[in-house]
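Please go through the structure shown here.

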Amino acid sequence: VMIALLLVGILPLVVLSSITTIQPMRVDKPFYYTQSFSMLASKSVSGESESESGDSFIAVSLTLDKVVNTEDAFASAELLIVPEGMYNQIGYYDGDDHVVCCDEKAIRDGKCSTPGTLILHRVKDERFSYRNVSFTGKKMLLNSRYNVKRDGQYYVVVAFCNPATKNAVLAGQTAALNPHGHLPAGVFGLLDFMRALTAVYTVLMLVWTAKCCQYRRELMSIHVLISAALLLLALDALAHWAALAAYNAEGAAARVGTALTVLLDALTSALLRCLVLVIAVGLGMSRATMGPLFCRVVLLTMLCFAVTLWYGAFPFLFPGSASVWSQLPSTAVDTLVYYLFLSWLGDTMDELERRSQTSKLGVFRTLRNASFVAIAALVAYSAAYGYLAAHDMLRALWKVEWLLNEGADSVFCLFVVVLIMCLWMPNDRSVAYASHLQVATDERHDAEEYAMPEVELQSKAGGKVEVASIDESRSLKPMSM
């Protein structure tokens, strides 16, 4: 509760990319600001609310004012809203430097003709919005609106290219509305995905609860842990769905909703890592308690919670900072969990094989093989994603941006949870595994050491025990228990 209150207090109002406040920025020299939007074209939609109107547009409202009232001020501001094709044609490259403003060198090189302005190359059949104002010290507004007629990526560009710019401050707000609402086009698919994921986890939780009620007398701690994990997963998906739906309707996310999703993400992630570790040591299958590993698992779970909480809150606490400071701890902890899982799983399988528990061993072999497949798929996905990012090919996949990020992680998590449910579902087999040791029936290499004498057995007292043979002519009947 204290952590949730702390998050609510310190997290600012979070915006995905629909309504964004541009904090006051001092402009004393040439300056260039851009912001991108994923947009779908306008369409006819019947509805009364703004988010159901079917309109698709980008709106910008800026304010120019003096920094110091007693000093002179000047700025020549250019405001553009352009599609991606025109955005890529702004300026030119001089080696590794991207030059966007027209200066003496650019004029000599024939790149432009008007000094102190943005180098803009128009693209045929491309619509765009352009405004240019001169600020001389009196507070002024600069507004623009662009109606989207075609799906794609669009950019808001604010440029101050005049070298005489001084004593000016820029502030304002940008807003984007898609036909479906305020969610960016590349994220909108996540809304329906989270709705479906909530339904899937709810059904899984109901099935699991029914099985637990059926075998309530034989439930163990591992079943309780799986129940808690399913409940958190369902609540987490529901919280994300509700937050996305609210954002799509209003255009901004509240602190309480953001704090709740970050907190649930951290709790769910930590509990799932705890679950896979206790399963790796055979809890509920080959052992009844964790023993000396209990403290290590608890400490590691707490570490996972702290790191995941830091990873989720970092973009909101330090906007614009390098994400490597949040990714490194998370990657390190995940690597440690994977290592311990495979190591402890191998130890458990070795112990079961040594004790000739072949039936239980088969369950853990299934778990190991499925884990290898899941990890291999995760590594392949990460490699493919890295390749696409390195070659700047992700832009073409902006409509499925949600699937490449949150969607892929959620599918991987769902696979792991379903696998654990299938292998540890309360049933007659699992109860027998947990309550009994399998009698070794495999053939031994030293068979003659265990061979039974054909006629008699010698007793320790020196006497002998006669072994009667069975009359094969008589019919055999099952022994009553």
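Which residues form a nonpolar patch on the surface? The patch consists of Phe294, Val298, Leu299 and Met302. Together they have about 410 Å² of accessible area. The model is predicted.

## Surface patch

Met302, one of the patch residues, lies in helix H7, which covers residues 294–317. Met302 counts as exposed because its relative accessibility is 53%, and the cut-off for exposed is over 50%.

## Main nonpolar core

The largest nonpolar core holds 73 residues. Tyr201, Leu275, Val278, Leu367 and Trp424 have the most contacts inside it. Seen by element, two or more residues each come from helix H4 (185–214), helix H5 (221–250), H6, H7, helix H8 (324–354), helix H9 (358–390) and helix H10 (401–424). H6 gives the largest share, 14 residues.

Trp424 is one of the residues with the most contacts in this core. What does Trp424 touch, leaving aside neighbours within four places in sequence? Its contacts include Trp208, Ile222, His223 and Ile226. Also in contact with Trp424 are Ile279, Leu283, Gly284 and Met285. Val363, Phe364 and Leu367 complete the list.

## Second core

A second core is separate and has 26 residues. Among them are Tyr146, Tyr154, Val156 and Ala168.

## Thr261 in helix H6

Thr261 sits in helix H6, residues 255–280. Is Thr261 buried or exposed? Thr261 is buried, because its relative accessibility is 9% and buried means under 20%.

A polar atom of the Thr261 side chain lies 2.8 Å from the backbone oxygen of Thr258. Beyond residues up to four places away in sequence, Thr261 touches Asp236, Ala239, His240 and Ala243.

## Positive phi in two loops

Asn167 is not a glycine, yet its phi is positive, near 50°. Asn167 is in the loop between strand E9 (152–160) and strand E10 (168–177). With a relative accessibility of 3%, Asn167 counts as buried.

Ser356 also has a positive phi without being a glycine, at about 60°. Where is Ser356 found? Ser356 is in the loop between H8 and H9. Its relative accessible area is 13%, so Ser356 is buried.

Methods. Residues numbered from 1 in each chain as written. Predicted model: local features only at pLDDT ≥ 70, side-chain atom pairs only at ≥ 80, totals over all residues. Heavy atoms only, no water. Patch = residues over 30% accessible without salt bridge, like charges linked within 9 Å, V, L, I, M, F, W, Y side chains within 5 Å. Areas by Shrake-Rupley, 256 points an atom, 1.4 Å probe, with all protein chains shown as cover. Salt bridge = Lys/Arg side-chain N within 4 Å of Asp/Glu carboxyl O. Helix = DSSP H or I, 4+ residues; strand = E, 2+ residues; numbered from the N terminus. Buried < 20%, exposed > 50% of the residue type's maximum accessible area, 1.4 Å probe, protein only. Polar contact = N/O pair within 3.5 Å; in protein donor to acceptor, adjacent residues only side chain to side chain. Contact = heavy atoms within 4.5 Å. Core = buried A, V, L, I, M, F, W, Y, C linked by side-chain atoms within 4.5 Å.
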